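Hi everyone, thanks for making time.

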Amino acid sequence: MAPIAQAVTVSLQELKDGTVSFEKLQQAFGPDSLGILVVKDVPPEFASLRHHALSYSSYLGNLSKSELDKLENEKAKYLTGWSLGKETLKNGQVDTLKGSFYANCAFYVDPKLSCAAPTEEFNTDNFPEYLSPNIWPDDATLPGFKNSVEDLCRLIIDVAVLVARACDRFAEKEIAGYPNGYLEKVVSTSTTTKARLLHYFPEDPANAPPAPIKASEIANGEGSDEDDWCATHLDHGCLTGLTSAMFVDEAKTPAVAPAFEQTLADSKPLKLAPLPELDASPDPASGLYIKSRTGQTVQVKIPRDCIAFQTGEALERITEGKFKAVPHFVRGARASMSDGRIARNTLAVFTQPNLGEEVDMEQHITFGEFARGIVAKNTVS
């Protein structure tokens, strides 16, 4: 089996009290770290919010093509709304097993906002990736979807603000001229933070890749490509909030939203029932992998009742390299490991600076300029 790395863990209360040591922050995010911090003892409502929101990932992925087509935004390079088969894997193959739904989290700052406001430099014509309004499924199709996703995102960002505050304490001491409270301000006031709800479709045994890579092969760097499922990459924001993955056997529990006849004027809002969650993935090789600073690939497991935070490129720039972005990839559950149809659902919240905020204070590079370059590099023509 690939080695399982133990992520640095802190409690929510430690973050609130400001008692997380600099040593622990360096162990989590520093140059020799795995670039991940797990927060335990999160608010009790997190369990229910996570279960509901990740269940909607399966409901969404099982909508008809005609319904999913309504949620696509090609002009925004699919960075709002739904996409499937628009990305390529490391080997150049089109990724048809991972569907994703992007949502702007500007609602965290102002419930009336659906995206960041345009500026003189960035507008809907020259940067629609960040300035296109959200596209939500309507309540007749997926009742409760929008509220469930937004509620979970709010909680994750609340915790991210506290992680950012801990990072600021470190940076204010270690970096000359670092503005007091800078990262906390960036995370708490950003209207460009994005959420990505992911649905890894069940693999079809008849069309499964030949000789699937085993966990031991991932650890040893064997096989044709260790990260064919989802090419190794860096997040380009500050802190990426992650839930643990939810595994659903869609053979036993079809994730098909029922037709509703109730009117939307009913007093009690409609919400789809959460789906039964497997205790664990039937494939121990599925999950999150991190490439350590020593070049070793390790697997990291996020406890179900915790929220993990990974470092991104913007944070690395803001902290002048004191904290490092983490290269990582994800593998889904192999069909050969189960008799069922196992889907993997998760949510990532990319806390990112506003477009005009500087991420490189020496070269005066704004996040908008930085992100535009990343998006251009990742766009496949």
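I'll start with a sheet, then go through some helix packing, and end on one residue.

Before anything else, keep in mind that this is a predicted model.

Okay, the sheet. Which order do the strands come in? Let's zoom in on E1. Its link to strand E10, residues 297-300, is made by two bridges, and the two strands run parallel. If you want a landmark there, find Ala5, which stands opposite Val300 in E10.

Right, on to the helices. Two packed helices are described by the angle between their axes and the distance between the axes. Let's do that for two pairs, with helix H6 in both.

Pair one is helix H2, residues 22-29, against helix H6, residues 145-174. Their angle is about 105 degrees and the axes are 10 Å apart. That angle falls within 65 to 115 degrees, so H2 counts as roughly perpendicular to H6. Who's touching whom? From H2 we have Phe22, Leu25, Gln26 and Phe29, and they meet Val163, Ala166, Cys167, Arg169, Phe170 and Lys173 in H6. Sort the residues of that contact by class and you get seven nonpolar, one polar and two charged.

Pair two brings in helix H3, residues 46-61, which packs with H6 at about 135 degrees, axes 9 Å apart. That makes H3 oblique to H6. The crossing of H3 past H6 is left-handed. On the H3 side, the contact uses Phe46, Leu49, Arg50, His52, Ala53, Tyr56 and Leu60, while H6 brings Phe145, Ser148, Asp151, Leu152 and Leu155. By class, this H3 and H6 contact has eight nonpolar, two polar and two charged residues.

Last stop: Glu184, which you'll find in helix H7, residues 182-189. Which residues does Glu184 contact, if we skip its neighbours within four places in sequence? They are Val161, Ala164, Arg165 and Asp168. Take Val161: Glu184 and Val161 are 23 residues apart along the chain, yet their C-alpha atoms are separated by 5.5 Å.

Technical notes:
Residues numbered from 1 in each chain as written. Predicted model: local features only at pLDDT ≥ 70, side-chain atom pairs only at ≥ 80, totals over all residues. Heavy atoms only, no water. Pairing = 2+ DSSP bridges. Helix = DSSP H or I, 4+ residues; strand = E, 2+ residues; numbered from the N terminus. Axes fitted to C-alpha atoms, helices over the stretch in contact; angles between N-to-C directions. Parallel < 35°, antiparallel > 145°, perpendicular 65-115°, else oblique. Contact = heavy atoms within 4.5 Å. Nonpolar A, V, L, I, M, F, W, Y, C, P; charged D, E, K, R; others polar. Left-handed = near helix turned anticlockwise from the far one by under 90°.
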